[in-house]
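Here's a quick briefing on a two-chain model, put together for anyone who wants to click along. Have a look first, then read on.

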Amino acid sequence: MSSSVNLLIGLAMGLNLLALGSSRMPSVIRIVAAQGVALGLIPFFMEDRFGWLVALVAAGTVAVKGLVIPNLLHRAMRTAKIDREIEPSIGFVPSMLLGAGGTMAAVDGAQLLPLLSEHAGTLLVPGALASIFTGFILLIGRVTAISQVCGYLILDNGIYLIGLLLIHSTPLLVESGILLDLTVAVFVIGIIMDRIQRAFDSLDTRKLTVLRE
Amino acid sequence: MTAFLEIILRLAVWLALAPLLPGILNKTKAWVAGRRGPPVLQLYYDLARLWRKSVVLSTLASPGFIAGPAVAWVALAAAALLVPLGPAGGALSFKGDVLLLVYLLAAARFCTAWAALEAGSSFEGMGAAREVSYAVLSEAALITAVLSLSVQSGSVTLGTMLTPPVGAGAALLAAGLFAVLLAENCRVPFDDPNTHLELTMIHEAMALDHSGPPLAVILHGASMKLLLFLVLLSEAVLPIRQLPAFTASAALAGTVLSVTVGVGLVESLLARFSFRRVPLLLTTAFLLCLFALLLAWKGGAQ
């Protein structure tokens with residue numbers, strides 16, 4: 001049970017590094033979607049017995065993160081006619097090395113934390129910390145709004161992993177609420193990106209520094 | 001005396017078998033493209049033809065122009081003697097021989113680059129510069145892979161350290177070493193062995209001004225390097241050691257052949273990457289080997 005969870009989280013950590021290293025927008029979106037699906041499958045393997053509520057949340061997560069959000073992002077890319085090339089402000093190789101260093105630090109640092117004995121053997125906490133760190137690198141190191149959205153989604157995947165630690169005590173309402181928030185946020189960002197593209201002819205967030213009436 | 005004879009015999013097998021692999025590779029590529037392709041033994045014919053030809057020497061070239069390929073070939077042959085062949089073990093084996101293997105490969109690369117610079121042509125200098133700058137990253141990956149194997153087995157002798165990890169570690173190591181194999185042997189997606197456009201080639205650019213026997217030696221050395229990396233990759237990933245002797249030899253030969261066909265398939269299905277994306281791919285290979293090292297470390301600690 002724990003080994004298949006670890007395998008899925010290891011896969012997600014590998015996808016983190018791939019997301020840092022890929023230079024095309026559609027492939028980053030696909031990687032984020034694959035990571036969402038991999039993490040959404042985890043609750044199925046964490047439970048000893050099959051629970052309807054947990055299964056429902058997991059299926060919802062897979063559907064939203066694997067289908068709805070990537071579709072929203074692809075549509076936003078099409079309508080705003082965004083360039084497929086990513087311009088990094090932190091280069092691909094340095095950001096990958098940073099991400100790898102962060103992953104290793106997360107694996108090592110999680111052993112220092114006072115975890116419950118049932119969580120100590122899994123990669124849940126290291127995976128969460130590594131994903132959050134990767135999300136931050138993507139948010140800082142990419143200049144266009146849409147790649148920053150992908151960073152935000154990876155960051156959210158990390159937070160979701162931390163939420164899995166509390167899978168028995170979080171009400172279903174909270175989980176589905178977070179999922180709904182995420183969908184709405186991406187939906188709204190898709191609209192905003194279109195507006196930014198029309199107003200500034202680019203999605204470069206470095207140009208959005210001056211406030212005017 | 002018998003030990004000496006055995007070494008000679010093994011070296012002869014290595015030297016004789018190595019030019020077969022590029023033939024198989026080209027046959028695979030031709031098969032995927034729907035062509036008949038050159039015969040599998042084409043490289044043997046080429047080597048024989050080149051050996052009979054005379055050498056054209058630049059007036060600028062020092063004796064290093066001839067000595068470079070020769071020294072590189074000797075270094076590669078010595079490296080081949082160190083690599084264990086499944087149940088038969090290595091022809092030479094001592095503690096720390098893996099370090100000698102890494103250094104012999106580096107020496108071979110240095111001598112090829114040196115001979116390329118001796119020609120006094122800017123294209124060869126460019127090829128040498130590219131080769132060496134890729135080597136910085138691919139050698140880091142190779143050394144990390146060696147480290148992970150040595151941590152795994154607690155040994156620095158090639159004969160005993162090729163006890164592969166299982167599961168995720170083996171997958172990481174296989175992917176990392178495969179990328180290193182492609183980069184070190186100048187295959188697609190790092191370099192295209194078929195291209196003869198001066199601006200894009202790497203290994204071919206270094207051999208541009210060589211002719212006759214020195215070129216034959218360079219080509220044969222390259223094929224030996226390919227065989228060496230294929231054997232290393234198969235033994236580092238597959239648990240060949242646990243099998244009985246005959247099955248182990250068959251498994252080794254089968255793996256080497258199938259990886260060769262795999263390289264041919266990669267070459268047919270992928271285009272060459274642009275130069276600025278190559279460091280990214282090599283860094284990925286390095287990271288794969290690094291995570292294999294971490295897994296070996298953590299697994300060993302438990």
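Arg109(B) is buried, at a relative accessible area of 8% (buried means under 20%, exposed over 50%, partly exposed in between, using a 1.4 Å probe and protein chains only). Its salt-bridge partner is Glu184(B), with 3.0 Å from N to O, and Glu184(B) counts as buried too, at 3% relative accessibility. A salt bridge here is a side-chain nitrogen of Lys or Arg within 4 Å of a carboxyl oxygen of Asp or Glu.

This is a predicted model, where local features need pLDDT of at least 70 and side-chain atom pairs count only at pLDDT 80 or more, while totals for chains, interfaces and linings use all residues. Residues are numbered from 1 along each chain as its sequence is written, chains are lettered from A and ligands numbered from 1 in the order in which they are written, and side-chain values use heavy atoms, with hydrogens and water left out.

- Helices (H or I, at least four residues) and strands (E, at least two) are DSSP runs, numbered from the N terminus.
- Both belong to a salt-bridge network that links Arg109(B), Glu131(B), Glu139(B), Glu184(B) and Lys225(B).
- Over all chains, the rule gives 12 salt bridges.
- In chain A, Glu85(A) pairs with Arg24(A), their closest N and O atoms being 2.8 Å apart. Glu85(A) is in the loop between α4 (52-80) and α5 (92-109) and Arg24(A) in the loop between α1 (2-21) and α2 (25-40), so the bridge ties together parts 61 residues apart in sequence.
- Both partners are partly exposed: Glu85(A) at 36% relative accessibility, Arg24(A) at 35%.
- Asp194(A) and Arg198(A) make a salt bridge at 3.3 Å between the closest N and O atoms. They're four residues apart in helix α9 (residues 172-200) of chain A, about one turn of the helix. Asp194(A) is buried at 16%, whereas Arg198(A) is exposed at 62%.

**Around His203(B)**

- His203(B) lies in helix α9 (residues 203-206) of chain B and is buried, with a relative accessible area of 19%.
- Not counting residues up to four places away in sequence, His203(B) touches Glu131(B), Cys186(B), Asp191(B), Ile218(B) and Ala222(B) (contact means heavy atoms within 4.5 Å).

**Nonpolar cores**

- The largest nonpolar core has 61 residues, and Leu101(B), Leu158(B), Leu181(B) and Leu228(B) touch the most other members. Such a core is a set of buried Ala, Val, Leu, Ile, Met, Phe, Trp, Tyr and Cys residues joined through side-chain atoms within 4.5 Å.
- Helix α10 (residues 212-237) of chain B gives the most to this core, with 11 residues.
- A second, separate core of 40 residues includes Leu73(A), Leu138(A), Leu287(B) and Leu290(B).

**Where the chains meet**

- 10 residues of chain B are in contact with 12 residues of chain A.
- The area buried between them is about 920 Å², with 81% from carbon and sulfur atoms. Buried area is the accessible area (1.4 Å probe) that two parts lose on being put together, summed over both.
- On the chain B side, Leu280(B), Leu287(B) and Phe291(B) lose the most area to chain A, together 48% of what that side buries.
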